[in-house]
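User: Please take a close look at one part of this model. I want the details laid out in short sentences.

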Amino acid sequence: MFDQTYDLVVVGYGAAGTAAAITACDAGASVVLVEKNPEHRHTPSTRMSGGMVMTVTDVDAGARYLDACASDMVPFDVSRGWAERAACLPKWFEDVIGGLDMVASAGAEHPGFDGAEAIVAVQPGGVAERLVAAAGGGPRLFEGLAAAVNRRKIPILWDTAASRLVQDTDGRVTGLTATRSGRSISLGARCGVVLACGGYEFDEELKRDHLRTYPVYFYGNPNNTGDGVRMAAGAGASMWHMNQMIGRAIGHFDLDGQPINFIIGINPAGYVICDRAGNRFANEHHQALLRHDFYYDLLAYDPATNTQPRVPCYWFFDESRRLAGPLTYAHFGAVAVGLYDWSDDNSAEIERGWIAPGSTIAEAAMAAGMTEEAAKQAEATVDDYNHACHADEPDPWGRPADTMVAISEPPYYCVALWPGGSNTTGGPRRDRHGRILDAFGDPIGGLYGAGELGQASGVLYPGDGSNLSEAFCFGQIAAEHALNYKALGVSKSGNR
């Protein structure tokens, strides 16, 4: 019936897929990685990330913290399962991957929550400061993962887009169908299929139907188009927190007729973000810190006018910031994987029209798309902000004093920013074993999920490296459960 059959079929060659495939291989099982991208254009979100991975130093405390961040969107036992495995990640990197030198670099994003002290993010080589990710952290992390896959000679089916799951008469998933280089193939899975193929960041219909605002743009893997959501739904899966994502304000631009999205760094200090009417609406320092909860500040809706007053919002800065360095990061997103090379002084992006210049704030605002009335208000808003900076007055939005730097060196610039981020987190509901559940809460036999697709996080992002942590943890957990370790005669750790 199938063209090829393996013990485990893993869809997606990113962090979650790698963890599942390595775990299966080390258990003595046959496994294949099914990757939608061609090898020469492989852009997993892991490579596009900063390379941080959240770990847990105390399981009980870590579970409480993850549960608080989930805000009842995820059962406690799932959060505890994540915490248990996250506590083992440092040893897993050392013993199973090797050569990454994972060093502590950050803590919890919400340090006031119970259990936050147990959260520690690590990354290759570490960093000197929390907000400055080591250059190339994501690419270096993925290099280590790829090397571990290659050492084990795990087969990878490149340029292979999984399309539908195959189920037997009892509803158990026994394989899948896919298109490889234009040809239809089928793969059998004796023990199960792990869907580790990312979210729906680049599927407009799914985003419009499920996220809390629209439009929303993402700077993660451009091939994350909701394939796993559709495959799991076709097999009867229930969905959870489809309205959730990892967000902040980001840049969305046109690159020679094609859209391209970037994580935006508004630091160094000397910045103001206004709504479409030209007024400040939040503490911009949270965006400068690259916090993930600034996204919630963008979700306002005005029913009287049927408008979203902060979509887009507008960032203002001056010549000193323009000369301070690129508005994005070389080690995050599109630049990290070679989709675009941002200029050091932002001059190329001004030429492209991505950054709107002006001799005044109002002129820059209108060049960026604001109305004349809103542009005048934005200029007044920046004037008020500058006055507060010079008078050493407290900021009404709670900005720290050392971030209150005047915007006073012409020319001035404006960039439209949009709700967006790295990835969606909604998808197929799963239990603590990574099993995907049906509409009645029962496991669908042979079907597992890990990573961004149905991620075990809820309202708040726990902190730097949480995406990758969840992917590594549930990739391992799913593979272990699927393979039935007692039958294979191997230990729980996956080593003979």
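In strand β17, which residue is the bridge partner of Gly247?

Analyst: The bridge partner of Gly247 in β17 is Gly421. This is a predicted model, in which local features need pLDDT of at least 70, side-chain atom pairs count only at pLDDT 80 or more, and totals for chains, interfaces and linings use all residues. Residues are numbered from 1 along each chain as its sequence is written, and side-chain values use heavy atoms, with hydrogens and water left out.

Buried means under 20% relative accessible area, exposed means over 50%, and partly exposed lies in between (1.4 Å probe, protein chains only). Strands are DSSP runs of E with at least two residues; helices are runs of H or I with at least four; both are numbered from the N terminus.

Now the pairing. Two strands pair if DSSP finds at least two bridges between them. Strand β12 (residues 245-255) runs antiparallel to β17, with 6 bridges joining them. Strand β15 (residues 313-318) is also antiparallel to β17, again through 6 bridges. There, Cys313 has Leu417 as its bridge partner in β17. Strand β16 (residues 356-358) is joined to β17 by 3 bridges and is antiparallel. Pro357 is partnered with Tyr413 of β17. Strand β10 (residues 217-218) is parallel to β17 and joined to it by 2 bridges. Tyr217 stands opposite Gly420 in β17.

Next, the rings. Rings of Phe, Tyr and Trp (its six-membered ring) pair if their centres lie within 6.5 Å; planes under 30 degrees apart count as stacked, over 60 as edge-to-face, and the rest as tilted. The count by this rule is 21 aromatic pairs. One of them joins Trp315 and Phe317: their centres are 4.4 Å apart and their planes meet at 35°, so the pair is tilted. Trp315 is buried, at 0% relative accessible area. Phe317 is buried too, with 0% relative accessibility. Elsewhere, Phe253, Phe262, Tyr340, Trp342 and Trp354 form one aromatic cluster.

Then the charges. A salt bridge puts a side-chain nitrogen of Lys or Arg within 4 Å of a carboxyl oxygen of Asp or Glu. The model holds 22 by this rule. Glu470 and Arg430 make one, with their closest N and O atoms 2.5 Å apart. It links distant parts of the chain, 40 residues apart: Glu470 lies in helix α15 (residues 466-483), and Arg430 in the loop between β18 (427-428) and β19 (435-437). Both residues, Glu470 and Arg430, are buried. Arg430 also lies over the face of Phe474, 5.3 Å from the ring centre. That contact requires NZ of Lys or CZ of Arg within 6 Å of the ring centre and within 35 degrees of the ring normal.

A further salt bridge joins Arg152 and Asp26, at 2.7 Å from N to O. Its ends are 126 residues apart: Arg152 sits in the loop between α6 (137-151) and β6 (156-157), and Asp26 in helix α1 (residues 15-26). Glu84 and Arg80 meet at 3.1 Å, N to O, in another salt bridge. Both lie in helix α4 (residues 76-86), 4 residues apart, about one turn of the helix. Glu84 is partly exposed, at 30% relative accessibility. Arg80 is partly exposed as well, at 25%.
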